[in-house]
Amino acid sequence: MTSSGVRGPGPDAVFAAGLEDGEFRIQRCGSCGAHIHYPRALCPECGSADLAAVRASGRGTVYATSVVRVRPEHGENYNIALVDLAEGPRMMTRVVDIAPEDVRIGDAVTAFVGEIEGDKVVLFRPAAAASAGDAR
Ligand SMILES: [Zn+2]
């Protein structure tokens, strides 16, 4: 854990708390308006510490994709992707609910909070499939 000098829970803790609530939060800089992810103490654009956690739209576009091949006795192959969020930041994640090799650059994807080995994480699924099960 790092000490940022900012009062209250640090940016990582705020992000983790959001995941526990099933919510994907990114940061927005109060000085320059940039959206930031992953969470940090200072805005990488302008250096301001005036960062607030906001709920991400969850809309994203696949920027790059690859398949991690796993020995059969250790599980199944999975996808690793770089996704550009609608707000701007690019994040490493997984696209699921689709065969890992079927993920294409430029695909529209939607974020949701899932779990990998017991940890809550932000995952993505194809945007077309998202409306079916997510009636909020
Ligand atoms: Zn800024």
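How many helices and strands are there in the chain? In this predicted model, the chain contains 2 helices and 8 strands. Along the sequence these elements follow the pattern α-β-β-β-β-β-β-β-β-α. The strands include five that form an open sheet in the order β6-β5-β4-β7-β8, and another open sheet has 3 strands in the order β2-β1-β3.

**Confidence and overall organisation**

- The mean pLDDT of the chain is 90, and 89% of the residues reach 70 or more. Residues 1-5 fall below 50, and in the model this stretch has 3 contacts beyond near neighbours in sequence.
- Of the 136 residues in the chain, 24% are buried.
- Among contacts between residues at least 6 apart in sequence, 47% join residues at least 24 apart.

**The sheet of 5 strands**

- Pairing in the sheet β6-β5-β4-β7-β8 is antiparallel. From one strand to the next, the twist averages 35 degrees.
- Strand β4 (residues 59-68) pairs with strand β5 (residues 78-85) in the antiparallel sense over 8 bridges. Within this pairing, V62 stands opposite V83 in β5, and the bridge partner of G60 in β5 is L85.
- Strand β4 also pairs with β7, again in the antiparallel sense, over 3 bridges. Here T61 stands opposite A108 in β7.
- In a regular strand, side chains alternate between the two faces of the sheet.

- Strand β1 (residues 25-29) pairs with β3 in the antiparallel sense over 5 bridges, and Q27 stands opposite A53 in β3.
- Helix α1 (residues 11-20) packs on this sheet and touches β1 and β3. The direction of the helix makes about 140 degrees with that of β1.
- V14 lies in helix α1. It counts as partly exposed because it has 16 C-beta neighbours inside 10 Å.
- Leaving aside neighbours within four places in sequence, V14 is in contact with P9, R25, P39 and A53. The C-alpha atoms of V14 and A52 are 9.7 Å apart, although the two residues are separated by 38 residues in sequence.

**The nonpolar core**

- The largest nonpolar core has 18 residues, and those with the most contacts inside it are V62, V83, V95 and F124.
- Strands β1, β5, β7 (108-116) and β8 each supply at least two residues of this core.
- Which residues does V95 contact, leaving aside its neighbours within four places in sequence? They are V62, T65, N79, A81, V103, V109, F124 and R125. Two of these contacts, V62 and F124, are themselves among the core residues with the most contacts inside it.

**Backbone features in the loops**

- Most residues other than glycine have a negative phi, and most peptide bonds are trans.
- The peptide bond from H37 to Y38 is cis, with omega near 5 degrees. Y38 lies in the loop between β2 and β3.
- D97, in the loop between β6 and β7, has a positive phi near 65 degrees and is a residue other than glycine. With 16 C-beta neighbours inside 10 Å, D97 counts as partly exposed.
- E117 is not a glycine either, yet its phi is positive, at about 50 degrees. The residue is found in the loop between β7 and β8.
- Is E117 buried or exposed? E117 counts as exposed because it has 5 C-beta neighbours inside 10 Å.

Notes. Residues numbered from 1 in each chain as written. Predicted model: local features only at pLDDT ≥ 70, side-chain atom pairs only at ≥ 80, totals over all residues. Helix = DSSP H or I, 4+ residues; strand = E, 2+ residues; numbered from the N terminus. Buried ≥ 20, exposed ≤ 12 C-beta atoms within 10 Å, placed from the backbone. Contact = placed C-beta atoms within 7 Å. Pairing = 2+ DSSP bridges. Axes fitted to C-alpha atoms, helices over the stretch in contact; angles between N-to-C directions. pLDDT = per-residue confidence, 0-100. Core = buried A, V, L, I, M, F, W, Y, C linked by C-beta atoms within 7 Å.
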